[in-house]
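Please walk through this protein model from its overall build to its strands and then to its pockets.

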Amino acid sequence: MGTGNFNCIARPYRWLEYASFGPFLLRCRLAQLPAMRSARRALILGDGDGRFLAHLLQTNPELSADAVDSSRSMLETLDQRISNIGDSARRRVELHHADVLTWTAKGKYDLVVSHFFLDCFFEHQLDDLLVRIAPHLEKGARWVVSEFSIPAGGPAAHLSAVVVRLLYEFFGLITGLAVRDLPDYGRVMRDWGFYLGSEQDFLGGLLESQLWFLAG
């Protein structure tokens, strides 16, 4: 398995994020928010402490969501954050403490969101993930992805590669994450019938926010 145990960083996660990247990870997560306002049923994969989901529920009062995370501590933090919004928002979310590679979805989704999540898997595991999720997606479903990236060239490429390597070493040490290279999730998405609709870059291309659509 590529995923690690993120329980130990659930509480300080927000502050670790701000100390390393300031507001840019959150900006990246929220970049596609306007494109999600018409969604009605969402699958949220590994949202961490729930800051994104809180924004999504507040901007889309008609949406319900399944939130899946293998870290119980992260889910508890997310649960508290969503509960702080109010009972109405909390009733629209169902929490699932599970490994997404073995979790069984039910029903249909018109939106999938994965922020800094796909990079925790080996590429063949992403194919396994799509095997489980794709049958539960409506035609034209959107998949919003936020990820680290290494630009193809230019002065930012070397620095981005160093940052990504250090991040993998840190999370490998702290959580036991076995993955050490960014998977080509774009290849996996295209193989499963998705096409890239729009994207935004942050920090010279180190961070990317993408909106994918399921063809058909």
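How many helices and strands does the secondary structure of the protein come to? The protein has eight helices and seven strands, where helices (H or I, at least four residues) and strands (E, at least two) are DSSP runs numbered from the N terminus. The model is predicted, so local features need pLDDT of at least 70 and side-chain atom pairs count only at pLDDT 80 or more, while totals for chains, interfaces and linings use all residues. Residues are numbered from 1 along each chain as its sequence is written, and side-chain values use heavy atoms, with hydrogens and water left out.

Along the principal axes, the C-alpha atoms fill a box of roughly 45 × 40 × 30 Å. Of the 216 residues, 50% count as buried (under 20% relative accessible area, with a 1.4 Å probe and protein chains only).

Strand S2 (residues 64–69) has five of its six residues buried, so S2 is largely enclosed by the rest of the structure. S2 pairs in the parallel sense with strand S1 (residues 41–45) over five bridges, and with strand S3 (residues 93–97), also parallel, over five bridges; pairing requires at least two DSSP bridges between two strands. Asp 66 in S2 stands opposite Leu 43, and in S3 the bridge partner of Asp 66 is Glu 94.

S2 also supplies at least two residues of the lining of the largest pocket, as do helices H1 (13–21), H2 (24–30) and H7 (155–175). The volume of the largest pocket is about 700 Å³. Of its 36 lining residues, Phe 6, Tyr 13, Phe 116, Cys 120 and Phe 171 are the closest to the centre. A pocket is an open set of points on a 1 Å grid over the protein atoms alone, where a 1.4 Å probe fits, with protein on both sides within 12 Å along at least five of seven lines; lining residues have an atom within 4 Å of a point. A volume is the space filled by probe spheres set on the points, which are joined across faces, edges and corners.

The second largest pocket holds about 310 Å³ of space. Its lining has 20 residues, with Ser 149, Asp 184, Tyr 185, Glu 208 and Gln 210 nearest the centre. Helix H8 gives the most to this lining, with four residues.
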